[in-house]
Protein chains: 2
Amino acid sequence: MSKKEEKRHIYPLVTASSTFDAVILCDGDYPSHAIPLSILNHAKYLICCDGAGMHHILHGGTPDAIVGDGDSLPEDFKRRYADILHQVSEQEDNDQTKATRFCIAKGFRRIAYLGSTGKREDHTLGNISLLIRYMKDFHLDVTMVTDHGYFTPASGVQDFDSFVHQQISIYNFGCTQLAGKGFKWNPYAYQELWQGALNEAIGDEVTIEADGNYLLFRTFEPKMPK
Amino acid sequence: MSKKEEKRHIYPLVTASSTFDAVILCDGDYPSHAIPLSILNHAKYLICCDGAGMHHILHGGTPDAIVGDGDSLPEDFKRRYADILHQVSEQEDNDQTKATRFCIAKGFRRIAYLGSTGKREDHTLGNISLLIRYMKDFHLDVTMVTDHGYFTPASGVQDFDSFVHQQISIYNFGCTQLAGKGFKWNPYAYQELWQGALNEAIGDEVTIEADGNYLLFRTFEPKMPK
């Protein structure tokens, strides 16, 4: 077996056939791109965050569980779906994290998040940054899939599948050393969130070598040069 | 004059009649809420970032300038609007920052950003975090207005107008000490972006006391208790 073949690609591309132990649908923008829609429709176990449960049912779907504080759900909806409704009223965690704790209790480790962005930007920022917490504190393997691409939290030295002209953004969460291979511009230990945005893969794999946690965003589509 | 009346409110609420030296329209989601639309339509000087120029003209608007690398503009559009088109081809800055540098050259200091969020989430994250740079490095007074509320970068001890049940999120950019008055939950020097999200004003003013930079998001609408 060649050196290349032995190599383990820990972070594959996300496609319409990607599978996860569970899918969490949050109440941001309902997915419209074919890839998150396929992940949603083929979920082995689907948890909807509060109002997202109602939206998904209106879209013809059937959640396995609805988790949240119940704030955004009408009383008749709560009565009708009482058997799958898990109301969690504590104030420390937002609905995305409540749904994540529900997954942990069920033994799910590989989780995809959909509908976590869109609508209020402060929710979007919070939900994205929580991915680092889910990896670091909850020891989960998580991916947030949007209509444009996917966020993956990672730590240390890791390989990520890519393709030529895939747009990749790197967000440094506390690394003092950070380097990369396979990128158009050399990554470094960015001090600001905007500095690592809008990089690009030059081939079918990128590597990050860092001494801490970071978040990668990879797009579905390549950006073709003019 | 009472103590209250003497007090200067440095960061007012953003309303449909808020005015700025210049408005920058970026190429994320085109504004749909009445407040950013009013700011757009009453701009004293309007700079559109690249593709946003085309979108704004399609919406019946007239930019004063279009700034960007020209990548997303068709050749016939570039010829037709050559008199207001300022092509900047350097790769260090994104289009939002190119438009900001254009404002600085014109002497504009109070700038509102519209259309900076939506579409690709890595652009959204980058554009939001750049507000800290514009304040800290460019010494500008900037506000990013979305369809849901507005981001304001600030530093040190500052007062912000608010209203009861206004949702406020606080993002710490490097403060080791951070405290607040007028919030439902006491702010602290958050280590993670998600920790300061989803706070709430209890009256018509909040104060932040910090030893560094931070970003506030305030919503247009109150969140009413059930």
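Colleague: Which rotation superposes chain B on chain A?

Modeller: Copies are superposed by least squares on the C-alpha atoms of residues with pLDDT of at least 70 in both. Here a rotation of 180°, with 0.0 Å of shift along its axis, brings chain B onto chain A at an RMSD of 0.0 Å. The two copies are thus related as by a two-fold rotation axis, and in chain B the C-alpha nearest that axis belongs to B:Gly118, 3.4 Å from it. This is a predicted model, in which local features need pLDDT of at least 70 and side-chain atom pairs count only at pLDDT 80 or more, while totals for chains, interfaces and linings use all residues. Residues are numbered from 1 along each chain as its sequence is written, chains are lettered from A in the order in which they are written, and side-chain values use heavy atoms, with hydrogens and water left out.

Colleague: How many residues does the contact take from chain B and from chain A?

Modeller: Contact means heavy atoms within 4.5 Å. By that rule, 33 residues of chain B and 32 residues of chain A take part. Of the interface residues of chain B, 97% are also interface residues in chain A, so the copies meet through the same surface.

Colleague: What area is buried between chain B and chain A?

Modeller: Buried area is the accessible area (1.4 Å probe) that two parts lose on being put together, summed over both. For chain B and chain A it is about 3,000 Å², with carbon and sulfur atoms giving 65%. In chain B, the residues that lose the most area to chain A are B:Glu121, B:Leu125 and B:Trp194, which together make up 24% of what that side buries.

Colleague: How many salt bridges and polar contacts are found across the interface of chain B and chain A?

Modeller: A salt bridge is a side-chain nitrogen of Lys or Arg within 4 Å of a carboxyl oxygen of Asp or Glu. The rule finds 2 salt bridges across this interface, and in one of them the side chains of A:Glu192 and B:Lys136 meet at 3.1 Å, N to O. A polar contact is a pair of N or O atoms within 3.5 Å; within protein, one must be able to donate a hydrogen and the other to accept it, and residues adjacent in sequence count only if both atoms are side-chain atoms. There are 14 residue pairs in polar contact between chain B and chain A, both residues being at pLDDT 80 or more.

Colleague: Which element gives the largest share of the side of chain B that touches chain A?

Modeller: Helices (H or I, at least four residues) and strands (E, at least two) are DSSP runs, numbered from the N terminus. On this side of chain B, α6 (121–136), β8 (166–173) and β11 (205–222) give two or more residues, and α6(B) has the largest share, with 10 residues.

Colleague: Where do the domains of chain A lie, and how far apart are their centres?

Modeller: Domain bounds come from an automatic or database domain assignment. Chain A is divided into domain 1 (22–147) and domain 2 (154–222), whose C-alpha centres lie 27 Å apart. In chain A, 12 residues of domain 1 are in contact with 8 residues of domain 2, and the area buried between these domains is about 720 Å², of which carbon and sulfur atoms give 83%.
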